[in-house]
Amino acid sequence: MSQPSAAPTVEHNEVKHRYEILVDGKRAGLTAYRDRGEQRVFFHTEVDEAFAGQGLASRLVQEALTDVREAGKRIVPVCPYVAKFLNKHEEFADITDPVTPEVLRWLDTELG
C-alpha cells in the first residue's frame, strides 16, 4: 500500500519571484511574478504534466492572490491562466489592475 499523499502546500519563494505548489515535498508547479511598486505582475503559471488535472494550478493561484491581498499589493494578470482565474473569482476584482502596454514594456525590460 502506498502512503496517502500529504495535502499540497503553497510556498512563496521570494528570492525566485514565484509561488510554488509542493506535492509530497516536490515542486509540482509555480506561478511567477515581478513586483512593480504596489503591483505584483504575474506573467507565467505552469504545473508539471505529472500533476495535471488535480486542480493544483487553481489552488496555487488562489493562495498566491490571497497572499498579494495580505501584503497590501495589487494584481496585474499578464499570465493568461491568472487572467482566466480572475474572471471566475470576482473576490479579487478590487485589487486587480489592467494589463497595459506600459506594464508589458516594463515586464519585457525586467525579464531581459
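I looked up burial in strand 2 (residues 18-23) and found it mostly covered, with six of its six residues buried. The model is a predicted one, so I treat every value here as computed. I then checked which way the side chains go. R18, E20 and L22 point one way from strand 2, Y19, I21 and V23 point the other way, and all are buried. In a regular strand, side chains alternate between the two faces of the sheet.

Next I looked at pairing. Strand 1 and strand 2 run antiparallel and are joined by five bridges; I noted H12 with Y19 as its bridge partner in strand 2. Their hairpin has four residues between the strands, and H17 takes a positive phi near 55° there. Strand 2 and strand 3 also run antiparallel, with six bridges between them. Y19 stands opposite T31 in strand 3. This second hairpin has two residues between its strands, and D24 in the turn has a positive phi of about 50°.

I traced the strand order as 1-2-3-4-5 in an open sheet of five strands with mixed pairing. Strand 1 (9-13) and strand 5 stand at the edges with a single partner strand each, so one side of each has no neighbour in the sheet. On average, neighbouring strands are turned by 30° against each other, direction ignored.

Which way do strand 4 and strand 5 run relative to each other, parallel or antiparallel? I found them parallel, joined by four bridges. P77 in strand 5 is the bridge partner of F42. Helix 2 packs on the sheet, touching strand 3, strand 4 and strand 5, and its direction makes about 120° with that of strand 5.

**The helices**

I listed the buried residues of helix 2 as V82, F85 and L86. Seen down the axis of helix 2, these fall within an arc of 100°, so they line one face of the helix. On the other side of helix 2, I found P80, N87 and K88 exposed. The buried residues pack against strand 3 (26-36), strand 4 (39-47), helix 1 and strand 5 (74-77).

Last, I looked up the helix pair. Helix 1 (residues 56-70) and helix 2 (residues 80-88) pack at about 80°, with axes 11 Å apart. That makes helix 1 roughly perpendicular to helix 2. A57, S58, V61, Q62 and L65 of helix 1 meet Y81, V82, F85 and L86 of helix 2. I count the contact residues as seven nonpolar, two polar and no charged.

Note on methods. Residues numbered from 1 in each chain as written. Predicted model: local features only at pLDDT ≥ 70, side-chain atom pairs only at ≥ 80, totals over all residues. Heavy atoms only, no water. Axes fitted to C-alpha atoms, helices over the stretch in contact; angles between N-to-C directions. Parallel < 35°, antiparallel > 145°, perpendicular 65-115°, else oblique. Contact = heavy atoms within 4.5 Å. Nonpolar A, V, L, I, M, F, W, Y, C, P; charged D, E, K, R; others polar. Buried < 20%, exposed > 50% of the residue type's maximum accessible area, 1.4 Å probe, protein only. Arc of directions from axis to C-beta. Pairing = 2+ DSSP bridges.
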